[in-house]
Amino acid sequence: MLLLPPSSSSWTMPAPPALRSPRAPISPRTESPRRHAIARCDTSRSTPRISETETEATLAQPSAAVQGGTAPLVQALKSTAAQDVSCFHFPGHNRGKAAPSLLSNLIGTETFSHDLPELPELDDLFYPKGVILDAQNRAAELFGSSKTWFLINGSTCGIQAAVMATCSPGDYIIIPRNCHISVISALVLSGAVPKYIVPEYNSAWDIAGGVTPSQVDKALKELEKDGKKVGAVLVTSPTYHGICSDVQGIVDVCRPLHIPVIVDEAHGAHFRFHHSFPSTAIEQGADLAVQSTHKVLSSLTQSSMLHMARGLVDADKVSQCLQLLQSSSPSYLLLSSLDAARAQLSENSKSFDEPVAMALETKDQLMVIPGLSVLDLSCFASDFPAIDPLRVTLSASDLHLSGYEADDILEEHQIVSELVGTQAVTFAVNLGTSRQDVQKLVQCAKHLSDKYMSANESRFSKHNYVRSPLDKFSVKLSPREAFFTKKRRVCIEDSLGEICGELICPYPPGIPVLIPGEVVTQDSLSYLINVRDQGMTISGAADGELNSIMVCNL
């Protein structure tokens, strides 16, 4: 039997801190001098945000509530693991005593001793009353939300829960066509019907940008004209390449209609912690924002957070959805890593000073290297408000090198990128990036230029601009309908005009080229065959080699 969280009558959400109201109109280009101050959190949630000038003094004299430990879940895990007890509970490695030697020799037995189940002193993720609630409240205060949930199934389950909590079967949800695959899985689970917005696309870079308030407004009016009920609007901001949409403008369009705005902010968990970063989704008025704390911040892979602002979304409904989607045996290593990552940011208000400086200097140095280009907002006609300064996207197309070729050459010099595309390579600067790292990147980029610029005249340019696979698409079935429809396998060359029965996308970045229910077009086929032939991993297809695809058997 599924045990759901208690009703709202059995618990009280802590009062939010005195932060700038997420409902207050703000300009995405206006930086508040108070927005990026960092204070140690306490459990009262009533502490007002402090100014930059007060930060150091406050950090030096933490509140009494904080002095007992800046990371309550980490401390509880440490204390429990240190107990001298006879264990008759799971997991079977018995606090490391029966740990597989192949793994314990790699990561140490201490890791296993802290791999504990939901013991009473460690609280319950789905009904938190102790250290997990304390840790989540501290995260909510630091990240500026009214409520925060820890996620151990990644941002994917946060996206799924957000959609399921706001959309009933048959409701429409407005989403960008370059959304992450987790959004499509959320449509299958919820039964929501997509209304796609096609983002601006730069074919020279083979990169899509964000969406604009006017596009959202147009989509809403079209659905209203057709008499359709809209459950939510979902925006990806920033994109994998760091491009931000005007979330505040989109909220201003949706708020009068009482339509919640969900933001896939997986790549923007760090935005609140430096004055040069864009405003966060919650600061711009979003109702729900999902952040991958493990990306630019320092929690363990697969750990994320879901933040909520008070208003249109039922917190109990979100909790119920998360219990359906998350493991009933949550990893306390993942949970405690979220608490530790939050504490790390709380303790140092200048954490991102050096990474930002290095990233900006690196971009400046790369931009003047012959034959190389760096992605910036001028690459798009739309008035996108910001781009993440920590995301460095490099193109060597003027050297007649594809993104894959440039990445292969850089990897030979021990430079490992975050994301490779047909035309560009993306590097993510983070808290662990060193001066030596970025200097090595610049030196290798210069080597790339020197070697291939001299051969430029003799090289045949075989890398033409890529045609967007997202421009022209036709939807015949909803993703949920297509998912549950009987399928048949056809050769990829024979699939033109068929209704796609599976989600097919290059991964990373995880943006679907074909979605279940869409008609297979020549543009989508050509794009997929092109990236397949260049060695890119294709995710979602039953045939990983993409010699065949599954189509709906109607």
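This is a predicted model: local features need pLDDT of at least 70, side-chain atom pairs count only at pLDDT 80 or more; totals for chains, interfaces and linings use all residues.

Biologist: In what order do the 7 strands of the open sheet run?

Modeller: Residues are numbered from 1 along each chain as its sequence is written, and side-chain values use heavy atoms, with hydrogens and water left out. Strands are DSSP runs of E, at least two residues, helices are runs of H or I, at least four, both numbered from the N terminus, and two strands pair if DSSP finds at least two bridges between them. The pairing in this open sheet is mixed, and the order is β1-β10-β9-β8-β6-β2-β3.

Biologist: Why is one side of β1 and of β3 left without a neighbour in the sheet?

Modeller: β1 (147-151) and β3 stand at the edges of the sheet.

Biologist: What does the twist average from one strand to the next?

Modeller: Axes are lines fitted to C-alpha atoms, for helices over the stretch in contact, and angles run from 0 to 180 degrees between N-to-C directions. On that basis the strand-to-strand twist averages 20 degrees.

Biologist: Which helix packs on the sheet and touches β1, β2, β6, β8, β9 and β10?

Modeller: Contact here means heavy atoms within 4.5 Å. The direction of this helix makes about 165 degrees with that of β9 (288-291). The helix is α7 (residues 154-166).

Biologist: What handedness does the unit of β2, α8 and β3 have?

Modeller: β2 (residues 172-176) and β3 pair in the parallel sense over 5 bridges, with I173 opposite P194. A crossover is right-handed if, with the strands pointing away from the viewer, the path from the first strand over the helix to the second runs clockwise. With α8 (residues 181-190) included, this β-α-β unit is right-handed.

Biologist: How many of the 5 residues of β3 are buried?

Modeller: Buried means under 20% relative accessible area, exposed over 50%, partly exposed in between (1.4 Å probe, protein chains only). β3 (residues 193-197) is mostly covered, with the buried count at 4.

Biologist: And in what order do the 4 strands of the other open sheet run?

Modeller: The pairing there is antiparallel, and β11 (373-374) and β14 (419-420) stand at the edges. The order is β11-β13-β15-β14.
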